[in-house]
Each structure stands twice: as C-alpha cells, then as structure tokens.
Amino acid sequence: MNNQDCIFCKIVAGDIPCFKIYETGNILSFLDIGPVNKGHALVIPKNHYKNIWDFPAELGAEVLTAAQVVGDAIVKATGADGMNILMNNNAAAGQLVFHAHFHLIPRFKNDGFKLWKQSEYDNMDEASALAQKIEKMIRSVN
Ligand code: 5GP
Ligand code: ZN
C-alpha cells in the first residue's frame, strides 16, 4: 500500500533519501529532519496508514519492538537521560504528515521542553460523567 503524494511513502520507496537507522519487513526508522533534540527519530509502518485509527493493531507489537530497540540505541548514542514516544493524530493534534508515525525523542535533564500544559476538571462529577461517556462509547462501537 503506497500513496503517491505521501512523503513518507517516497522515503520507503527510496525516492527521497533519509538517514535510515532500522528496518524490518514492515517497519522503517529514520532520523527526523527537524529534530526536537538531535537523535529524534521516526518509526513508521512501510504501508501507508493515515493515523492510529487506520493502523492495523496487529502491527503494534512490531512498532513497540522497534521503539524499544531504536529507542535504546538512541538513548545510548546521544547520552540522553530519557525518551518521549509521541504520535500526532489529525491536524488538530499537530499531525503534518498523514502517514502514521511514532516520534522517538531523546530527552535530557533540564532540556527545558514541556510537551503540554495541564488543566483540571471543574469537579469530580464532571470527570466521572466524562469517563462514563467514554466507557459507553467504547462499548457501543466494540
Ligand atoms: P508530525 O507533525 O506529522 O507528527 O511530524 C512529521 C515529522 O516529519 C516532523 O517532525 C518533520 O520534521 C518530519 N519530516 C517531514 N518531512 C520529512 C522528510 O522529508 N524527511 C524526514 N526525515 N523527516 C521529515
Ligand atoms: Zn505514506
């Protein structure tokens, strides 16, 4: 599965170069060209899936294995103190490339990055009602 207009499909096909660091039959990992910190890499399925909902769950274990293997190597190679795994889904969440991908971002003590600001619920009734609504939604679609 390949999308002609997709930059990551072009990378998978070898039509656009990348700094490849890991590859299996279904997965490719390469350096992000605009790293949050140096060593920031992407893990992508070779097939074109738009986002988490389009992505076959059966591939999840392979992605997780890649994240462990590549992530361990990134942390060791960069001397990082930690790592974020991040996936942006849809434009509102910051997704710019609509080929599902997981960011592996090496993190350093005091690197100053804060991924998001947190808020709070008005009260526990609001939180409880929302949890129940989500739970009901899961039951209705599964
Ligand atoms: P998104 O915001 O969709 O989660 O992230 C897309 C990421 O892909 C960005 O961090 C961006 O730097 C990276 N990216 C975009 N185009 C290219 C490219 O041609 N090559 C590489 N290696 N990374 C890219
Ligand atoms: Zn693609």
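Which backbone oxygen does the side chain of N37 reach at 2.9 Å? The side chain of N37 reaches the backbone oxygen of P106. The legends below place this contact and others in the model.

This is a predicted model, in which local features need pLDDT of at least 70, side-chain atom pairs count only at pLDDT 80 or more, and totals for chains, interfaces and linings use all residues. Residues are numbered from 1 along each chain as its sequence is written, chains are lettered from A and ligands numbered from 1 in the order in which they are written, and side-chain values use heavy atoms, with hydrogens and water left out.

**View 1. The protein as a whole.** The protein has three helices and five strands, taken as DSSP runs numbered from the N terminus (helices H or I, at least four residues; strands E, at least two). Along the sequence these elements follow the pattern α-β-β-β-α-β-β-α. Taken along the principal axes, the C-alpha atoms fill a box of roughly 50 × 40 × 25 Å. Of the 142 residues, 31% count as buried; buried means under 20% relative accessible area, exposed over 50%, and partly exposed in between (1.4 Å probe, protein chains only).

View 2. Ligand 1 sits in the largest pocket. A pocket is found on a 1 Å grid over the protein atoms alone, as an open set of points where a 1.4 Å probe fits, with protein on both sides within 12 Å along at least five of seven lines; a molecule sits in it if more than half of its atoms lie within 2 Å of its grid points. There are 16 residues around the ligand, of which D32, G94, L96, H101 and H103 come nearest (a residue is near if one of its heavy atoms lies within 4 Å). The shell divides into nine nonpolar, six polar and one charged residue. Both α1 (7-13) and β2 (27-31) supply at least two residues of this shell, and α1 gives the most, with three.

View 3. An N or O atom in the side chain of D32 is 2.5 Å from an oxygen atom of ligand 1. For H101, a side-chain N or O atom is 2.7 Å from an oxygen atom of the ligand, whereas G94 places a backbone N or O atom 2.7 Å from a ligand oxygen. The protein covers 83% of the 520 Å² of accessible area that ligand 1 has on its own (Shrake-Rupley method, 1.4 Å probe).

**View 4. Q95 and N90 in the loop between β4 and β5.** Q95 is found between β4 (82-86) and β5 (102-107), and N90 lies in that loop too. Q95 counts as buried because its relative accessibility is 3%. Its side chain reaches the backbone nitrogen of N90 at 2.6 Å, and a polar atom of the Q95 side chain lies 3.0 Å from the backbone oxygen of V97. N90, at 35% relative accessibility, counts as partly exposed. Phi of N90 is near 80 degrees, a positive value in a residue other than glycine.

**View 5. Two asparagines in other loops.** N37 lies in the loop between β2 and β3 (41-45) and is buried, with a relative accessible area of 13%. N110 lies in the loop between β5 and α3 (124-141) and is exposed, because its relative accessible area is 81%. N110 has a positive phi of about 65 degrees, although it is not a glycine.

Methods: A polar contact is a pair of N or O atoms within 3.5 Å; within protein, one must be able to donate a hydrogen and the other to accept it, and residues adjacent in sequence count only if both atoms are side-chain atoms. On a 1 Å grid over the protein atoms alone, a cavity is a set of points where a 1.4 Å probe fits but cannot get out, and a pocket is an open set with protein on both sides within 12 Å along at least five of seven lines; lining residues have an atom within 4 Å of a point. Ala, Val, Leu, Ile, Met, Phe, Trp, Tyr, Cys and Pro count as nonpolar, Asp, Glu, Lys and Arg as charged, and the others, Gly among them, as polar.
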